[in-house]
Amino acid sequence: MPGTINRDDIAAVRERAPIEEIIGQHVALKSAGVGSLKGLCPFHDERSPSFTVRPAVGRWHCFGCGEGGDVIEFVMRLDGLPFAEAVEYLADRAGVTLRYEAGGARSGPAPGLRKRLIEAHRVAQSFYAEQLASDEARTGRDFLRERGFDRAAAEQFGVGYAPKGWSSLTDHLRKSGFTEDELKASGLVSEGQRGVYDRFRGRLVWPIREVTGDVIGFGARRLYEDDQGPKYLNTPETQLYKKATVLYGLDLAKGAIRGERTTVVVEGYTDVMACHLAGVTNAVATCGTAFGEDHVKMVRRLMGDTTQLKVGATGARVIFTFDGDEAGQNAALKSFNLDGQFLAQTFVAVDPNGEDPCEIRQRHGDAAVVSLMANPVPLFEFVIKASLASHNLATPEGRVAALRASAPVVAGIRDAALRPEYARKLAGWLGMEPEQVLGAVSAAGKQATTQPDAGAGSAPAASGASGRPNAKDPVARAQALALGVLLQAAPEVVKDPSAAALFGAISPEAFTVPQYRAVFEAIRAAGGPAASTGDWVGDVSAQAGEALAGTVSQLAVTPLPTDKADAEYVRSVLARMLDLDLTRQIAELRGSMQRAGEGSDEAQAAFAALIALETRRRALREE
């Protein structure tokens, strides 16, 4: 078994993996000043962006939750990968060939397992795509053609065919060099008493890709009447495939979602195909599960969902498509329960004839699909009308029951200005007095505010309660600035002889904030500015330890208050820090003199030291 990854290769991955591109695949980053990018943090729920990336430094940090690190730590944190697999994942994208040192013990999966599973899915997708042209796959091609999808469409979405044989794909993967353990871990096979066999047989298959474009699973549609399995069968939960965090078509839709700040959520693979082919290229679908909280976070990050909008404003939007039946209404209610997690406006696009996007495109053409998405109704209006439809409004009892069911929905509308307007609309739909409906809505709202909201994200703790340095304290700010300069300034600048002399004269006690003192000591332990080569911030972080890694990242990505951190600026910042240190020492000596008493030997020694320090401080200030 290979040992640990060569340290030089790890450093090469950090240097060559473009951190802004890797993170930008998951977070909509926007310019936030010279050398800085900002977006919504992917690791906690926030409405204002506090996630900062500094490409020149190779670091990221969230000022909301305190998480931070380099590009490797981002992949580890986002995908839940061990260190070695995160390095392997990035090395593949950065074109770095990794060397392994023999004899090093590693915990967790074997080296390269994720890469092997990704490769197995790539081989499987290619195999399925080739099989779609076979004689046996005629039924699958007919299925696609009947729904308006030609060969080009199948190729665009990677649609393939799984042969009926029990081990067609299994045999192909074995010939391609995959082991039994890799086959079992992939989710591409099932296991029986006689060994492993193909999970998908006699089915049309769609590759499910993560946002980066790698295939991580498949969705398969039943084609034959003698198939006793479910209509749709997906890859089981594996190390790669987690259905709660996957959206079909996201790899194709991410550009349009970012650009248009709109996400269209449909119900199936063919609906995604129909939308994209019709020109609605921001359509995605869940894979065998309802649209949930993790899906909300994914699309919010891509859309940059940070701005509260009013009706009629242009900005982030989420459009759901549901069938008009009971199942569709239930899905709408579940989505409405997630509405509070969006700042974007949420809508529903429902065809009056109950047709889904695939059927609409097939019968009425591309323009009809575009028209459907261009004329959605607010999600809460759809939910209200669905609730009314389930009651008998011809009777007083039915109208009262409908009011009780609908009032909480109106009370839950995020835009306070819209609530009374929809309360009046509801009164008209029910044929009741507006005052009665307004009263019911108000009561429903009061009841909701007295109950704990288990789904709501909690606000970050105040800085004082969290133990973080007080950002309003000028002394703490000066200490943070000095450390930021030492971490961020160019090597040739911090190696300037004058700057190096100032650094050497500053004592750790100058940093009164405990975290900052520990970081300064880590900088000294890493060799000081003279050693600032390669992954300098990583070296300091390693010396500081895991408990301070977040503080180091924060200092490394916090923008300096200047566009030109030249030698003169660095010297001025370090001189200010030394001045504060000398002032602290002078104050301590004066206290010692008072405690020692006039004329004592201790007082005279303190006085001599005091004169030397004051002379030194005066010379520093004059310089």
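**Contacts in a predicted model**

Me: In β16, which residue is the bridge partner of V266?
Reply: This is a predicted model. Strand β15 covers residues 262-266 and strand β16 covers residues 283-286. The bridge partner of V266 in β16 is A285.

Me: How many bridges join strand β15 to strand β16, and which way do the two run?
Reply: Both strands belong to an open sheet with the order β14-β16-β15-β17-β18-β19. Pairing in this sheet is mixed. β15 and β16 run parallel, and the number of bridges joining them is three.

Me: Which strands stand at the edges of the open sheet, and why is one side of each left without a neighbour?
Reply: The sheet has six strands. Each edge strand has a single partner strand, so one side of each is left without a neighbour in the sheet. The edge strands are β14 (247-248) and β19 (377-378).

Me: Which strands does helix α11 touch, and what angle does its direction make with that of β16?
Reply: Helix α11 spans residues 269-278 and packs on the sheet. It touches β14, β15 and β16. Its direction makes an angle with that of β16 of about 175°.

Me: Why are α11 and α14 described as oblique to each other?
Reply: Helix α14 spans residues 357-364, and its axis is 7 Å from that of α11. The packing angle is about 50°. Angles from 35 to 65 degrees fall between roughly parallel and roughly perpendicular. The two helices are therefore oblique.

Me: How do the residues of the contact of α11 with α14 divide by type?
Reply: From α11 come T270, D271, A274, C275, L277 and A278. They meet P357, C358 and R361 in α14. The division is six nonpolar, one polar and two charged.

Me: Is D9 buried or exposed, and which backbone nitrogen does its side chain reach?
Reply: D9 sits in helix α1, residues 7-16. Its relative accessible area is 6%, and the cut-off for buried is under 20%, so D9 is buried. Beyond its neighbours within four places in sequence, D9 is in contact with V96, T97, L98 and R99. At 2.7 Å, its side chain reaches the backbone nitrogen of R99.

Me: Where is N6 found, and how far is a polar atom of its side chain from the backbone nitrogen of D8?
Reply: N6 lies in the loop between β1 (4-5) and α1. It counts as buried, at 14% relative accessibility. Leaving aside neighbours within four places in sequence, N6 is in contact with R99 and E101. From a polar atom of the N6 side chain to the backbone nitrogen of D8, the distance is 2.8 Å.

Notes:
Residues numbered from 1 in each chain as written. Predicted model: local features only at pLDDT ≥ 70, side-chain atom pairs only at ≥ 80, totals over all residues. Heavy atoms only, no water. Helix = DSSP H or I, 4+ residues; strand = E, 2+ residues; numbered from the N terminus. Buried < 20%, exposed > 50% of the residue type's maximum accessible area, 1.4 Å probe, protein only. Polar contact = N/O pair within 3.5 Å; in protein donor to acceptor, adjacent residues only side chain to side chain. Contact = heavy atoms within 4.5 Å. Pairing = 2+ DSSP bridges. Axes fitted to C-alpha atoms, helices over the stretch in contact; angles between N-to-C directions. Parallel < 35°, antiparallel > 145°, perpendicular 65-115°, else oblique. Nonpolar A, V, L, I, M, F, W, Y, C, P; charged D, E, K, R; others polar.
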